[in-house]
Amino acid sequence: MLATGTKAVTVDVSVKAPPHSWKQIVEPVEPFLQAVATGLAEQVQTFDPDIAAYSQYGLTNQGKQLRPALVALSAGAVGKPCDHLVTVAVVIEMVHLATLVHDDVMDVAVLRRQQPTLAATWGNQISVLVGDCLFAHALKLAAGFPTAEICRAVSAATKTVCSGEILQTHRQRRFQCSRAEYFKVLEMKTAELFALSCELGAWLCGATPEERAALRQFGLSLGTAYQIYDDCLDLFGSEALVGKSLGTDLASGKLTLPVLVALEQAGAAERAELQKLIERWEGGNIARLIEMLERYDALDESRVTIHRFLERARQSLAPLVESESRLALSALTGFLAQQTDALGD
């Protein structure tokens, strides 16, 4: 039973085998995810009526609700009664949605989840300020917890995420960027919120320090794998299927893993050509770029790397007792592995 503050939401985790479809994995926590979606929608009413339309647009365009699912499943993995999980999931999702609003401004993206971005609809000025409002409101909610630890953790994670975005921007078109630097940015800007979701879900339900550390590492590894997959999707995906603008990484000069792989292996002439394509990026360059990436097996190498992080995530669950929630967390890695193997099909 998960308390929301005004009512309780029952989470019946009944996964019997490791399912590798998103619907199967989250179906047991669907009432919890619906409560989080309702909680986010309710937050719209706390904004000034004159800006309610902006906040509603930013708060209700959710995707798979991966981070709230991690909160619920991590809580279930320690198997103890817990309160305030819905609120903490709302806080984390609000921080995530704020980062998306800012990302779309920086990437000049016009489409996300098959809808025009807030920036494309109302412009960059409004979008930046809406993102700031969402960040501030999330911290206000976090400050309402009886313990200051929640607010401290959310504030620290938000700082890490924003710092990761700054590092990524600083390294745009920096062709000497190493894989280690790339992974560090991914861990900061994406995996940190995965880790926070896992850690706080467990902490609120009485997890031991060892359990919290294990779930935090799970979130870091899963989140890093997820972002590498998303980076590959930006090159090898289909905009119609993905539901957002593609090619935005290269348009803004971000060097993702497939490109780093090609840069590592290319000879001087092709490396120079690759750099020129990215420095003077146009949509028409994509065919030539993909040809070069395929020559150096960049997608296959990226897949191997994703699977390596997924295996690390699975291994991090070892200290946890056997449970249906632990099984579901492991199944998340299987789902992402399947999605990874389907890239480029």
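**Two helix pairs in a predicted model**

Modeller: The crossing of helix α2 with helix α4 is right-handed, and please keep in mind as we talk that this is a predicted model.

Biologist: Okay, which residues are α2 and α4, and at what angle do they pack?

Modeller: Helix α2 covers residues 30-43 and helix α4 covers residues 66-78, and the two pack at an angle of about 130° while their axes lie 10 Å apart. That angle makes α2 oblique to α4, because an angle has to be over 145 degrees before it counts as roughly antiparallel.

Biologist: And which residues in α2 and α4 meet?

Modeller: From α2 there are F32, L33 and V36, and they meet P68, A69, V71 and A72 of α4. Sorted by type, the residues of this contact between α2 and α4 are seven nonpolar, no polar and no charged.

Biologist: Switching topic: how do α7 and α8 pack?

Modeller: Helix α7, residues 124-143, packs against helix α8, residues 148-170, at an angle of about 155°, and their axes are 8 Å apart. With that angle, α7 is roughly antiparallel to α8.

Biologist: Is that crossing left-handed or right-handed?

Modeller: The crossing in which α7 passes α8 is right-handed.

Biologist: So which residues make the contact there?

Modeller: On the α7 side the contact is made by F135, L139, A142 and A143, while α8 contributes I150, C151, V154, S155, T158 and C162.

Biologist: How many of those are nonpolar, polar or charged?

Modeller: In the contact of α7 with α8, eight residues are nonpolar and two are polar, with no charged ones.

Terms used. Residues numbered from 1 in each chain as written. Predicted model: local features only at pLDDT ≥ 70, side-chain atom pairs only at ≥ 80, totals over all residues. Heavy atoms only, no water. Axes fitted to C-alpha atoms, helices over the stretch in contact; angles between N-to-C directions. Helix = DSSP H or I, 4+ residues; strand = E, 2+ residues; numbered from the N terminus. Parallel < 35°, antiparallel > 145°, perpendicular 65-115°, else oblique. Left-handed = near helix turned anticlockwise from the far one by under 90°. Contact = heavy atoms within 4.5 Å. Nonpolar A, V, L, I, M, F, W, Y, C, P; charged D, E, K, R; others polar.
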